[in-house]
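Hi everyone, thanks for coming. Let's take a look at this structure together, and please have it open while I talk.

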Amino acid sequence: MSEQLEPVGVIGVGWVGLVTAACFAELGHQVIARDIVPEKVEALSRGEITIHEPGLEELLQRNAERIAFTTEMDELLAGARLLFVCVDTPPTYSGDADLSRVRAVVEELREDGDHVLIMKSTVPAGTGESIRRDKPNLSYVSCPEFLKEGTAVKDFMHPDRVVIGADPGDEGAAEAVEALYKPLGGEILRADVASAEMIKLASNAFLATKISFINEIANVCEEVGADVGQVAEGMGLDERIGPKFLKAGIGWGGSCFGKDTIALKKLAGNSGYHFQLLSAVIDVNELQKRRVVQKLKKHLDSLAGRRVALLGLAFKPDTDDMRDAASLVLAARLEGEGAEVVAYDPVAAERAATLLDSVEMATSAMEALEGADAAVLVTEWPEFAELDWVAAAERMARPVLVDGRNFLDPQKLVKAGFEYEGIGRTALDAPRTASAS
Ligand code: UDX
């Protein structure tokens with residue numbers, strides 16, 4: 001069966017590229033994946049994977065015979081016609097997306113009328129058009145990724161939707177991409193290239209807006225004595241609103257939301273439009289992390305000389321990704337107030353240690369809490385719900401806890417002896433089960 005399936009090429013084996021390569025191999029395609037970093041290619045060829053993504057390692061192992069890694073573009077071009085570009089597009093100093101890696105890839109591609117460039121990297125609307133101008137004989141399809149870290153394999157295999165953007169002249173290429181995704185069964189939306197590019201940016205900006213919105217509602221709840229969990233549940237029952245992405249906390253992070261909201265704001269600005277709402281969404285997210293300091297000060301007055309434990313460092317559970325993690329800003333703010341910061345994360349500690357060199361890394365949650373004057377739950381790792389909080393309260397110098405993800409049961413914590421602070425909830429509020437993902 002695998003002989004009949006079209007081989008797939010992947011350019012750039014970062015997180016998106018690796019998941020894409022592994023999943024297409026799982027579907028039975030021969031995959032050839034190219035990266036310019038020789039050490040990465042060597043490690044992957046040996047079966048070593050350097051990112052934490054549930055299910056990915058098993059998939060790569062199971063399909064090792066169907067995936068080849070290489071540094072050579074010629075090998076890739078000889079092995080596959082359909083080429084997924086998965087290189088990163090980090091922000092530049094101006095906040096615009098840095099397209100230098102995308103451009104470098106495009107430069108290497110031949111306009112032989114045979115290969116199809118399928119853009120997975122998140123790029124500003126208009127990028128496809130400018131590549132088409134430079135390389136008129138290259139087939140171009142936009143196919144943005146909507147994978148969430150931690151559930152990326154599942155998201156790939158069971159997509160809500162697959163967006164395929166192509167302009168007139170590239171229908172054949174779009175059909176070929178559609179054929180790749182058809183077996184997955186998600187809705188396939190065909191669009192023009194600029195609209196496909198905007199769908200990706202607008203989707204991430206909307207999700208970020210939803211979170212900043214509920215975080216502002218949470219802040220108002222604190223003023224008026226309401227519980228944001230109940231509010232979100234009530235709002236989410238309205239079909240037009242829906243329950244997802246209404247979980248209040250200390251703000252969003254990760255590789256996409258920060259970069260993409262700023263890139264969209266800049267894209268709008270460069271085109272002469274001031275995207276006011278998005279500016280506020282970004283500001284709210286920045287301030288939300290910093291409110292933790294005020295919450296701690298309510299209990300401890302000054303933070304100078306206090307030992308504060310951060311529980312969780314990754315930007316969300318089930319990943320070791322530290323990009324734009326709230327813990328980075330929080331640790332710096334706490335140290336700025338004169339606090340001594342100790343942290344624990346079950347998966348991201350090693351990666352985090354390279355970014356947070358003044359933070360002491362503990363090897364368990366209990367070790368981090370030992371002698372601490374306060375704790376902040378930053379990432380909702382399941383093991384924190386299982387912790388013996390009675391023992392934790394006894395081990396801390398002062399059992400103050402800011403639950404930055406409204407993850408723990410406030411009543412249980414209070415019973416254990418904690419001074420509890422949530423986000424938009426009081427210690428007396430019952431835990432809510434509002435869906436977050
Ligand atoms: C996101 C998009 O969801 C995905 O479609 C896109 O392709 C890449 O960016 P990801 O960054 O992996 O995925 O994580 P996501 O699950 O979306 O969470 C982003 C951040 O929002 C996390 O920091 C999370 O803690 C926070 N969040 C999420 C909330 O604070 N509240 C919520 O209700 C949901």
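Let's start with the ligand: 20 residues surround it, the closest being Glu149, Lys247, Gly253, Cys256 and Lys316; a residue counts here if one of its heavy atoms lies within 4 Å of the ligand. Before going on, a word on where this comes from: this is a predicted model, where local features need pLDDT of at least 70, side-chain atom pairs count only at pLDDT 80 or more, and totals for chains, interfaces and linings use all residues. Residues are numbered from 1 along each chain as its sequence is written, and side-chain values use heavy atoms, leaving out hydrogens and water.

Which residues have polar atoms by the ligand's oxygen atoms? With its side chain, Lys200 places a polar atom 3.1 Å from a ligand oxygen. Phe146 has a polar backbone atom 3.4 Å from an oxygen of the ligand, and for Leu246, again a polar backbone atom, the distance is 3.4 Å.

Now to the helices, which are DSSP runs of H or I with at least four residues, numbered from the N terminus. Two packed helices are described by the angle between their axes and the distance between the axes. The axes are lines fitted to C-alpha atoms over the stretch in contact, and angles run from 0 to 180 degrees between N-to-C directions.

Take helix α9, residues 193–224, and helix α12, residues 276–300: their axes come within 9 Å and cross at roughly 45°. α9 and α12 are therefore oblique to each other, since angles under 35 degrees count as roughly parallel, over 145 as roughly antiparallel, 65 to 115 as roughly perpendicular and the rest as oblique. Among the residues that meet here are Ala205 and Ala208 in α9, and Leu278 and Val281 in α12; contact means heavy atoms within 4.5 Å.

α12 has another partner, helix α11, residues 257–270, where the axes come within 10 Å and cross at roughly 150°. So α11 and α12 are roughly antiparallel to each other. Thr261, Ile262, Leu264 and Lys265 of α11 make this contact with Leu278, Ser279 and Ile282 of α12.

Last pair: helix α5, residues 100–108, packs with helix α6, residues 127–134, at about 30°, with axes 11 Å apart. That angle makes α5 roughly parallel to α6. Here Val102, Arg103 and Val106 in α5 meet Ser130, Ile131 and Asp134 in α6.

Thanks, and I'm happy to take questions!

Conventions. Helix = DSSP H or I, 4+ residues; strand = E, 2+ residues; numbered from the N terminus. Polar contact = N/O pair within 3.5 Å; in protein donor to acceptor, adjacent residues only side chain to side chain.
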